[in-house]
Amino acid sequence: MPVKFIGYIGFNNSSEIHAGERKRALDLDYVRNALRAQEEGGFDRVLIPFGSNSPESQIVAAYGAALTTRLGFLVAHRPGFTQPTVAPRQLATLDQLSQGRVAVHIITGGADAEMARDGDIGPNKAERYTRTDEYLDVLRQEWTAEQPFDHEGRFYHIRQAISAVKPDNLPVFFGGTSAEAIDVAGRHADVYATWGETLAATRETIFRVRASAARYGRDPGFSLSLRPVVADTEEAAWKKAADIVEQVREARVAAGLPVSGHRPPNDGSRRLLDTATSLRQDVRLWTGVAQLTGAAGNSTGLVGTPEQVADAMLEYYRLGVDHFLIRGFDPLEDAKIYGRHLLPVVHEKVRAYDSLTQASVG
């Protein structure tokens, strides 16, 4: 199966090494340059993130689609703030305008304080996943219904909904490792997205999601999020990783942010923080930044030469991972490095592995 790469448009050319945590100010020059670098570098899509203080992801994706011809967009979207009949029309319109280059990443949300900033103070975590499940039921019906439909649910009450605009190709990405999240993923995810854990933990997660999806006759793909650190030699790469850890530490201390004693509010971050009990796992999995930040989002990486990192990524591919969402700590420059030196090597190794596997089966 082909492997796909997802990059990142984080609104500005900064990361945890600059301010201790991600900032969301919109820098148009960076957005334009990052779009160009990732399209020219062979990325299949770029993630446009969602947050309670972020620029609006769908608008940024529409802007990006107008400036590119091939690059796809993974639009982060949080259920609960837009009606489930409005969102599918917005996304289907974006799909049509971009000529099929859009996917949606459903972010249910696990931090109560972050959700409250947008006024979502009612449902608890389990209820939010129940709401997401219902939301996606309505969203998919809006995308497929040929006749007006009614919906009477716990969270949404809809009469005679129908959309004149339908998507041609709009995959649903979904993440979350709690029992509630895995159940919803089984029902709805075209691609299940998880963070970079050990091979053993990733194998377990893939097994759980596949078992959940099988109950609904579904077979999703899998996306793994990583922060690769590559250099010409292995020694230089680990030195680069150590420097990143110190930069993040200094930036967090200067900003008055904690570097230890973290208690993440969501299951995924807790799992990732458990992985970070050791600075280095498996052969190349690096958890230095996850330790400092409390595993706040995509914060683990693979360290080595492009050849070594590609070998490590191939091990995840052999488990069933067919998408890699990668971004660096120097966002624009790292995107260029990945496009020039990492993506071609991974593609070559995947092709060789697939050819060998097919030959052995034949």
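## Contacts, helices and a pocket

Modeller: T194 sits in strand β8, residues 191-195. The model is predicted.

Biologist: Is T194 buried or exposed?
Modeller: Buried means under 20% relative accessible area. T194 has a relative accessible area of 11%. T194 therefore counts as buried.

Biologist: Which residues does T194 touch, not counting residues up to four places away in sequence?
Modeller: T194 belongs to β8. Contact here means heavy atoms within 4.5 Å. On that basis the partners of T194 are T177, T205, S223, L224 and S225.

Biologist: What separates the C-alpha atoms of T194 and R280?
Modeller: Along the chain, T194 and R280 are 86 residues apart. The C-alpha separation of T194 and R280 is 19 Å.

Biologist: On to α7. Is A185 buried or exposed?
Modeller: A185 is part of helix α7, residues 179-188. Its relative accessibility is 0%. The cut-off for buried is under 20%, so A185 is buried.

Biologist: How many Å apart in space are A185 and F174, C-alpha to C-alpha?
Modeller: In sequence, A185 and F174 are eleven residues apart. A185 touches F174, along with Y192 and R218. C-alpha to C-alpha, the spacing of A185 and F174 is 6.1 Å.

Biologist: Where is T108 found?
Modeller: T108 is buried, with a relative accessible area of 5%. Its contacts beyond four places in sequence are R78, P79, M115, R128, Y129, T132 and F174. T108 is in the loop between β4 (102-106) and α5 (112-116).

Biologist: How far apart in space are T108 and L71?
Modeller: The two residues are 37 places apart in sequence. From C-alpha to C-alpha, T108 and L71 are separated by 26 Å.

Biologist: Is T69 buried or exposed?
Modeller: T69 lies in the loop between α3 (57-67) and β3 (72-77). Exposed means over 50% relative accessible area. At 72%, T69 is therefore exposed.

Biologist: Which residues does T69 touch, not counting residues up to four places away in sequence?
Modeller: E39 is 30 residues from T69 along the chain. The C-alpha atoms of T69 and E39 are 8.4 Å apart. T69 touches E39 and R101.

Biologist: How do the axes of α2 and α13 run: roughly parallel or roughly antiparallel?
Modeller: The axes of α2 (residues 28-40) and α13 (residues 331-361) come within 9 Å. They cross at roughly 10 degrees. Angles under 35 degrees count as roughly parallel. Helices α2 and α13 are therefore roughly parallel.

Biologist: Which residues in α13 do those in α2 meet?
Modeller: By class, the contact of α2 with α13 has six nonpolar, two polar and one charged residues. From α2 come Y30, N33, A34, A37 and Q38. In α13 they meet P331, L332, A335 and K336.

Biologist: Now backbone angles. What is phi of Q160?
Modeller: Most residues other than glycine have a negative phi. Q160, in strand β6 (residues 157-161), has a positive value. Phi of Q160 is near 55 degrees.

Biologist: And what is phi of D282?
Modeller: D282 is in the loop between β11 (280-281) and β12 (285-286). D282 counts as partly exposed, at 43% relative accessibility. Its phi is again positive, in a residue other than glycine. The value is near 50 degrees.

Biologist: Which residues lie nearest the centre of the second largest pocket?
Modeller: The second largest pocket has a volume of about 170 Å³. Its lining has 14 residues. Those nearest the centre are K4, D44, R45, G72 and H323.

Biologist: How do the residues of that lining divide between nonpolar, polar and charged?
Modeller: Take the residues nearest the centre of the second largest pocket, K4, D44, R45, G72 and H323. Lys, Asp and Arg count as charged, and Gly as polar. Over the lining of the second largest pocket, the division is five nonpolar, four polar and five charged.

Notes. Residues numbered from 1 in each chain as written. Predicted model: local features only at pLDDT ≥ 70, side-chain atom pairs only at ≥ 80, totals over all residues. Heavy atoms only, no water. 1 Å grid on protein atoms, 1.4 Å probe; cavity = no way out; pocket = protein on both sides within 12 Å on 5 of 7 lines; lining within 4 Å. Points joined across faces, edges and corners; volume = space filled by probe spheres on them. Helix = DSSP H or I, 4+ residues; strand = E, 2+ residues; numbered from the N terminus. Buried < 20%, exposed > 50% of the residue type's maximum accessible area, 1.4 Å probe, protein only. Axes fitted to C-alpha atoms, helices over the stretch in contact; angles between N-to-C directions. Parallel < 35°, antiparallel > 145°, perpendicular 65-115°, else oblique.
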